[in-house]
Amino acid sequence: MALGGRAAVPEPPSFDPTAEALAAARRGSVRGLCPECFGRLFGRLGHGLANPERAALLAQRLEISLPPPTAPCPGCGDTFSRLPNWVDRAVRAVEGFEWHRFTCGSRWEPEVLAREENTWLETGTEWGESARAAFNREWGKAIEARTGAAGGPDRPDIVFLADLAVGRVEFTVLPLYVRGRYRKLDRTLPQTHWPCRRCQGRGCDTCQGTGKTYPTSVEELTGVPLVEATGAEGTRFHGMGREDIDARMLGRGRPFVLELVRPRSRTLDLPEMARQIGVRSQGRVEVDTLRFAEAPDVVRVKEAAPEKSYRVGVVGVVPVAKVNEALLLAQGRAIAQRTPTRVAHRRSDRVRARRIVAARVVDSSEGGFTLEIRTEAGTYVKEWVEGDDGRTDPSLSGLVGVPLKVGYLDVLEVHDSEG
Ligand SMILES: [Zn+2]
Ligand SMILES: [Zn+2]
């Protein structure tokens, strides 16, 4: 039975026990089980009935009246008759959190579950339903009825776990995901916060007690208004790649998903959040549109490998005609890039084949020129221009035969298909 949400056409109840089932029921009827546990011995027989209703129908067919259950019930230890308490515990546990969807689970003592399987064997039922599955479902239905929230496995805000032995409800608050594209208009901002290398974030003299290598980041500047509005405990920032700290991110911006950890509120005025990001970052970070996202969006953003376009200010004395000649040679061709030394601490040292899709000179002066270049994902543009002491081959510097240096670099576009 699907829990919540779906408006299925209700089937008429049906229950038609065979002679074997009735014989098993007769054996089960004398074990002092509560109506839920007795009926559940046949939980997978028929449909449209609650287990206590099955119990009543079986008693009718056997022409017996069920003996009053032993206290506590030898099947469930009265867990099912205490369902309202479990609903209270769940609702109380998450007071102060906003939630609309939830999932239920429970932790049972292994002996209880083993005893249940024994009962199935001893009575000879082939239709037993496990107490755990039944409890999770009935508890979920009762929470739905009490709160109006929707139970089920689909994108829960909260996961409840009943620890039956301890009599306590544990819960997990799932993150709230927001996605968008950011522009970074500042050449001193890292994308994510960098814990201070010396103190690992605890705070020391080097970082003046902040625990950070840089005062702030795109992650923090986009996250702060959302953290304040949701009461979240923190953020995780997932960008579709990243630009260097001293590179601006222009154009439509770079796709990202911001994960808000343990939010108390899930109601957000997203246009207002986007506005606040711009204002409160003093224009260092801009976000046009924010949308609610889901966990799979994180994977999609992390795994995408779109082409990128850059504008590069190059310093070097070389005739533009010669640069154009070199670009004609470079365009559409593969280059071999050995991991640059500047990123060797976080990337394995190997040679990657990359491609310059298109490149052209858009401006020039005596001491240099401006390049617009489109490359395959993962191309190290600075190294392609400068050569990186031969680790990138061919390089633009190598092709023109003159040492070149990148003065600045901006990302003009991330060519993904995100809306
Ligand atoms: Zn019971
Ligand atoms: Zn430090």
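The crossing of helices α4 and α6 is right-handed, in what is a predicted model throughout. Helix α4 spans residues 83–93 and helix α6 spans residues 131–147, and the two pack at an angle of about 65° with their axes 9 Å apart. On the α4 side the contact is made by Leu83, Pro84, Trp86, Val87, Asp88, Ala90 and Val91, which meet Phe135, Glu138, Trp139, Ala142, Ile143, Arg146 and Thr147 of α6. Sorted by class, this contact comprises 10 nonpolar residues, 1 polar residue and 3 charged residues.

The loop that leads from α3 to α4 brings the reader to one of the zinc sites. The zinc ion (ligand 1) is coordinated at 2.3 Å by the SG atoms of Cys34, Cys37, Cys73 and Cys76, and along the chain these donors follow the spacing C-x2-C-x35-C-x2-C. Cys37 belongs to helix α2 (residues 35–40), whereas Cys76 sits in the loop between α3 (51–62) and α4, so this pair ties together parts that are 39 residues apart in sequence. The arrangement around the zinc ion (ligand 1) is tetrahedral because its 4 donor atoms subtend angles of 106 to 114°, and four donors count as tetrahedral if all angles lie between 85 and 135 degrees. Cys37 is buried, as its relative accessible area is 4%, and Cys76, at 6% relative accessibility, counts as buried too; the cut-off for buried is under 20%.

The loop between α3 and α4 also holds Glu63. Phi of Glu63 is near 55°, a positive value in a residue other than glycine. With a relative accessible area of 74%, Glu63 is exposed, because exposed means over 50%.

Which residues hold the zinc ion (ligand 2)? Its protein donors are the SG atoms of Cys196, Cys199, Cys204 and Cys207, lying 2.3 Å from the ion, and they follow the spacing C-x2-C-x4-C-x2-C along the chain. The site of the zinc ion (ligand 2) is tetrahedral, with angles of 103 to 115° among its 4 donor atoms. Of these cysteines, Cys199 counts as buried at 5% relative accessibility, and Cys204 is buried with a relative accessible area of 16%.

Gln208 lies in the loop between β5 (176–184) and α7 (218–230). Although Gln208 is not a glycine, its phi is positive, at about 50°. At 70% relative accessibility, Gln208 counts as exposed.

If residues up to four places away in sequence are not counted, Gly223 touches Val218, Thr235 and Leu258. Gly223 and Met273, which are 50 residues apart in sequence, stand 9.4 Å apart in space, taken from C-alpha to C-alpha.

A further backbone feature concerns a proline. The peptide bond from Asp393 to Pro394 is cis, with omega near -5°, and Pro394 lies in the loop between β14 (392–393) and α12 (396–400).

Key
Residues are numbered from 1 along each chain as its sequence is written. Chains are lettered from A and ligands numbered from 1 in the order in which they are written. This is a predicted model: local features need pLDDT of at least 70, side-chain atom pairs count only at pLDDT 80 or more; totals for chains, interfaces and linings use all residues. Side-chain values use heavy atoms; hydrogens and water are left out. Axes are lines fitted to C-alpha atoms, for helices over the stretch in contact, and angles run from 0 to 180 degrees between N-to-C directions. Helices (H or I, at least four residues) and strands (E, at least two) are DSSP runs, numbered from the N terminus. A crossing is left-handed if the near helix is turned anticlockwise from the far one by less than a right angle, and right-handed if clockwise. Contact means heavy atoms within 4.5 Å. Ala, Val, Leu, Ile, Met, Phe, Trp, Tyr, Cys and Pro count as nonpolar, Asp, Glu, Lys and Arg as charged, and the others, Gly among them, as polar. Donors are N, O and S atoms within 2.8 Å of the metal (3.2 Å for Na, K and Ca); water is not among the atoms, so sites may look incomplete. Four donors count as tetrahedral if all angles lie between 85 and 135 degrees; four count as square planar and six as octahedral if opposite donors are over 155 degrees apart and all others between 65 and 115; anything else is irregular. Buried means under 20% relative accessible area, exposed over 50%, partly exposed in between (1.4 Å probe, protein chains only).
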